[in-house]
Amino acid sequence: MSVTTSLANPVVGVCFNWVGKMYHFDASGHPQLAAGDRVIVNTRRGIQMGEVAKVLSEPSTKKGGRKLKKIVRMAAPRDLVQQQAWQVQAPEALASCRRVAADLKLKGVRYHRAEYNFDGSKLTFYYSIIAEKSSGVGRMLSELRKAFPDCDVEMVKIGQRDVAKLLGGIGACSGQLCCRTFLTEFNPITIKMAKAQGISLNPDNISGMCGRLRCCLLYEYDQYLEARKQLPKIKKQVGTPHGAGRVVALKPLADTATVDVDGRYYDVRREDIVPWKEYEALKAKAAVRCSRHPAGGCSCPMRRD
C-alpha cells in the first residue's frame with residue numbers, strides 16, 4: 001500500500017540515481033504524490049527528474065533550517081521516454097569525451113561516466129584524478145563544450161569511493177559492493193575501527209576495491225565498543241578459576257578474554273573474571289582461620305583445610 005501526502009505542507013524525499021542520496025522538496029500543491037512517482041524538480045544542476053522515495057511525516061516546508069525547493073510538476077509519460085532516449089546516448093558521449101582526451105594527450109585524469117538530464121539540456125561528465133601531476137581539465141571542458149554545443153556541459157570531479165559506486169564490482173565478502181547496493185552516503189572510516197575489532201591491519205585485509213578503508217568496518221564498530229567496555233583491558237592482571245594471570249587478548253563478541261596463567265592460555269568468560277584487587281582480597285580472606293572455630297573442624301565458608 002503506497003503512502004500519499006496528506007499534510008498541509010507536505011515534504012517528500014526524492015532520489016535521482018539508483019542507491020542515491022535522498023533530497024527533500026516541498027510537495028505543497030501536489031498532495032497526491034506517493035512513493036515511486038516521478039517528479040520534475042529544480043536543482044543546482046538544473047531541472048532534473050527524480051523518483052519520490054519517501055513521503056515524510058513532518059508538516060514543514062523547512063528541513064535543517066533551510067527553505068525547501070518546490071516540486072515543479074509530476075513527470076509525464078513523454079518525460080520518461082525523453083529521458084530514456086538521452087540515457088541511450090550517454091555511452092557515446094563518454095566515448096567522445098575519451099577521444100577528445102586522447103587527442104589532447106591529457107595525463108592523470110580518468111573519465112568514468114557521462115550523464116544527460118531528462119531533457120538533454122545538460123550533460124555532466126564525471127572524472128577522477130589518478131596521478132599527482134594531472135593537467136588539462138580546464139582545456140578539456142572547453143573542448144567538450146565545442147563538441148556538444150547544444151548542451152550545457154559540466155565536469156564533476158569524484159573520489160575513489162564514488163568511482164567504485166559508479167562501476168560496481170564484487171567485494172571481499174563475495175557480494176556486490178555495499179556502495180552499489182544500499183549505501184546512499186559515505187561515512188568517515190578510520191583505522192581505529194579496525195583496531196577495536198581486532199582485525200589485521202594488513203592493507204589487503206582492510207581496504208576495499210576503491211583503495212580506501214572498507215565501509216563495512218563501521219557496521220559492527222559500536223557493538224565491539226560496547227562489548228569491550230564490559231571486559232578488562234589488555235595487560236590487566238585478573239583472577240580466574242585457573243588462577244591469577246594477565247589478559248593478553250579480548251574476544252568481545254564471544255564475551256571472553258584470553259588470560260595467560262603461568263604460561264598457559266585460557267579463554268575465560270566475563271562473569272568468571274575477578275578484578276585483581278578483589279581477587280587479592282578474596283585470597284587474603286581465604287588465608288585467615290575461622291575466628292569461631294580456631295581449633296579446626298569448621299564447616300562454615302571461612303574454614304581453612
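A: Asp-255 is buried, at a relative accessible area of 17%; buried here means under 20%, exposed means over 50%, and partly exposed is in between, using a 1.4 Å probe and protein chains only. Keep in mind that this is a predicted model, where local features need pLDDT of at least 70, side-chain atom pairs count only at pLDDT 80 or more, and totals for chains, interfaces and linings use all residues. Residues are numbered from 1 along each chain as its sequence is written, and side-chain values use heavy atoms, with hydrogens and water left out.

Asp-255 sits in the loop between strand S12 (243-251) and strand S13 (256-261); strands (E, at least two residues) and helices (H or I, at least four) are DSSP runs, numbered from the N terminus. Its phi is positive, near 60°, though Asp-255 isn't a glycine. Most residues other than glycine have a negative phi. Lys-235 also has a positive phi, about 80°, in the loop between helix H7 (221-229) and strand S11 (237-240), but Lys-235 is exposed at 64%.

Now the rings: the structure holds six aromatic pairs. Rings of Phe, Tyr and Trp (its six-membered ring) pair if their centres lie within 6.5 Å, with planes under 30 degrees apart called stacked, over 60 edge-to-face and the rest tilted. Phe-16 and Phe-25 pair edge-to-face, 6.3 Å centre to centre with 80° between the planes. Phe-16 is partly exposed at 25%, whereas Phe-25 is buried at 5%. Ring pairs also bring in Tyr-23, linking Phe-16, Tyr-23 and Phe-25 into a cluster.
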